[in-house]
Amino acid sequence: MTRGLPAGPGPLARWWRRSAPLVVVIALVPVMVMGCRRSHVAGTPSTDMVLDAFRDSGLDVAGVANAEADPWGADLCSSGKISGVDVVICEFTSDAQLGKTRADAVRDWDSVNVDTGLVAQNQRTLLIVVDRGRQDPHGRAISKMVTAFKRVQ
Amino acid sequence: MRSPLSTLRLVVAIAVCAFAGFGVAVQEARANAPMVKYFGMHPLSPHQGEFCYIDAIHSHRFVPVDMRVYVTVNGGGTEGSGQLYVGDPAWLGYEGPKVGYYGPHPLEVPLAPEAGRLFCYISGAHYHVTAPSPSTSMVLKDGVYWYLGPLPPADVQRSWINEVHAIKAYVPPKVDPSAAPPGYRPFNPGSLAATPSAAPGGAGVTPSSHAKAAGGAGASGTAASGKVKAAGKPAVGGTP
């Protein structure tokens, strides 16, 4: 007999035999949902909060999706295009790694075709904006992003 | 012997290859040009009304075209040094909220707190994007701020900013200099002896000096100041 599970010919055992698969599925659903959801870094604005702030500022964030965090040395990242410019938002647990990513991003601009570049930090969340091809020549969209980003708490 | 048609084909092929190679070279040259850091908003080259509204530290792949309206500041820490626009933003195309000032006054640079104390050397009426922090030395009268504190050191190169021409649409704040608040001392931001061409420079300049000079904007020059790398006299390229 398995400890903790009803066995034998009783009504409870019959119910268990009939319902066990359903119970297991119901129990696993929350686990599966939690597994799909990314866990954010505590104590710093999350990428979702930043994107919400962008949306509230009138920016279209439909082009931003979850992204690989490893290339940025981060714990969690989202990236994509907003108003034609490339945007990366990353959460870090390590201040040292954040500083390194920040420095590397700026250094890389010298060797690639970037017209305008910006890195902003809010606690341990980094916003990297790169305009290639002068999609935002007056920086109005970038300015909105920075203002919204700095307001997130 | 090669026929004229094949020769033509050869010439066209060489031309196409050369053109493609030139394109690649231009791309590489563009990528190799260093990025220049800007501290906040600034006019865009060639200073004819286009403005960059990014009010944060950012980088562009172009150098400032007129150093009379920039100072090089040190942002400290990881920021390093970059260019800070110290002119009237409305001179060169800024459209947005602005605050009137009259004469030189301390400049607040929240993006570069380690830059130290900076002064605006603009004579007469002008605008900045933000109001000064509350201070007994900054008095708001008749819609503009007047600086009543200790005067900044005379700076010939910084005073060249008064030679910059605004765009045609520029209208300075209306100010009657004779209605200055008690304690206001007119200030000549440059040395008269050293700035023979600084026509509308000194104190008492009419508020509309920039509007009068309007018409064409921008100039190429190389002035500097305070923590600025000094260079030669600016070569005014705008409409005089």
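Predicted model: local features only at pLDDT ≥ 70, side-chain atom pairs only at ≥ 80, totals over all residues.
## Ground rules

Local features here need pLDDT of at least 70 and side-chain atom pairs count only at pLDDT 80 or more, while totals for chains, interfaces and linings use all residues. Residues are numbered from 1 along each chain as its sequence is written, and chains are lettered from A in the order in which they are written.

Helices (H or I, at least four residues) and strands (E, at least two) are DSSP runs, numbered from the N terminus.

## Where A meets B

Let's start with the interface. On the chain A side, 20 residues are in contact with 17 residues of chain B; contact means that the C-beta atoms, placed from the backbone, lie within 7 Å. Three elements of chain A each give two or more residues to that side: α3 (95–108), β4 (116–122) and α4 (140–151). By type, the chain A side splits into eight nonpolar, eight polar and four charged residues. For that count, Ala, Val, Leu, Ile, Met, Phe, Trp, Tyr, Cys and Pro are nonpolar, Asp, Glu, Lys and Arg are charged, and the others, Gly among them, are polar.

Two strands pair if DSSP finds at least two bridges between them. Within β4(B), B:H60 is the residue opposite A:T116.

## Helix α2 of chain A

Buried means 20 or more other C-beta atoms within 10 Å of a residue's own, exposed means 12 or fewer, and partly exposed is in between, with C-beta atoms placed from the backbone. After α2(A) comes A:G58, with a positive phi near 90 degrees.

Zoom in on A:V50, which sits in this helix. A:V50 counts as buried because 25 other C-beta atoms lie within 10 Å. Setting aside neighbours within four places in sequence, A:V50 is in contact with A:P45, A:I89, A:T125, A:L127, A:F149 and A:V152. A:V50 and A:C90 are 40 residues apart along the chain, and their C-alpha atoms are separated by 10 Å.

## Inside chain B

Chain B has three helices and twelve strands, and 42% of its 240 residues count as buried. Among its contacts between residues at least 6 apart in sequence, 71% join residues at least 24 apart.

Strand β7 of chain B (residues 99–102) has two partners to look at. Four bridges tie β7(B) to the antiparallel strand β10 (residues 125–128), where B:V99 stands opposite B:H128.

Most residues other than glycine have a negative phi, and most peptide bonds are trans. Against that background, the B:S45 to B:P46 peptide bond is cis, with omega near 5 degrees. B:P46 lies in the loop between β2 (42–43) and β3 (51–52) of chain B, and B:H47 is found in the loop between β2 and β3 as well. B:H47 has a positive phi near 60 degrees and is buried, with 28 other C-beta atoms within 10 Å.

Over in chain A, A:Q123 also has a positive phi, near 55 degrees. A:Q123 is in the loop between β4 and β5. Is A:Q123 buried or partly exposed? It's partly exposed, because 15 other C-beta atoms lie within 10 Å.

## The cores

A nonpolar core is a set of buried Ala, Val, Leu, Ile, Met, Phe, Trp, Tyr and Cys residues joined through C-beta atoms within 7 Å. The largest has 71 residues, and A:C90, A:L127, A:V129 and A:M145 touch the most other members. Its largest share, six residues, comes from α4(A). A second, separate core has nine residues, including B:Y101, B:Y102, B:Y147 and B:A180.

Key:
Contact = placed C-beta atoms within 7 Å.
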